[in-house]
Amino acid sequence: QVQLVESGGGLVQPGGSLRLSCVASGFTFSGHAIAWHRQGTGKKRELVAIISSSGSRLNYADAVKGRFTISRDNAKNTVFLQMNSLKDEVAAGYYCQRILGDYWGQGTQVTVSS
């Protein structure tokens with residue numbers, strides 16, 4: 001079955017960096033676009049970034065452009081989200097999604113605190 005497992009979350013200081021990973025299994029990973037979303041406490045879930053199946057097309061939310069980078073390694077069935085210059089607003093649960101079929105991982109928590 002389709003599985004997505006996020007990791008890499010944790011506590012980071014403002015201005016710091018963090019790299020999230022999403023490891024996929026149960027399907028042909030290289031054939032699917034993947035998205036990262038986030039949801040803060042009491043907030044709506046928001047789309048952060050999308051990467052096409054080949055990795056050639058990338059899209060970002062305006063709030064993270066220039067600070068976050070989405071990438072993928074199809075040989076390792078993994079999508080990454082590199083987050084730099086972190087601000088308090090990024091504290092949230094981060095979830096990866098296989099867009100086709102609407103499959104989700106369980107999420108990884110990012111906390112920003114000095």
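Biologist: Which residue puts its charged end over the ring of Phe29?
Modeller: This is a predicted model, where local features need pLDDT of at least 70, side-chain atom pairs need 80 or more, and totals for chains, interfaces and linings use all residues. Numbering runs from 1 along each chain as its sequence is written, and side-chain values use heavy atoms, with no hydrogens or water. Sitting over a ring takes Lys NZ or Arg CZ within 6 Å of the ring centre and within 35 degrees of the normal. At 4.3 Å from the centre of the Phe29 ring, the residue is Arg72.

Biologist: And what lies over the face of Phe27?
Modeller: Phe27 has an arginine over its ring too.

Biologist: How do Phe27 and Phe29 pair up: stacked, edge-to-face or tilted?
Modeller: They make the one aromatic pair in the structure, with centres 6.3 Å apart and 50° between the planes. Pairing needs Phe, Tyr or Trp (six-membered ring) centres within 6.5 Å, and planes under 30 degrees apart are stacked, over 60 edge-to-face, the rest tilted. Phe27 and Phe29 are therefore tilted.

Biologist: Is Phe29 buried or exposed?
Modeller: Buried means under 20% relative accessible area, exposed over 50%, partly exposed in between (1.4 Å probe, protein chains only). Phe27 is buried at 15%. Phe29, at 2%, also counts as buried.

Biologist: Over to Leu47: how far is its C-alpha from that of Tyr60?
Modeller: Leu47 is partly exposed, at 39% relative accessible area. In sequence, Leu47 and Tyr60 are 13 residues apart. In space, their C-alpha atoms are separated by 8.1 Å.
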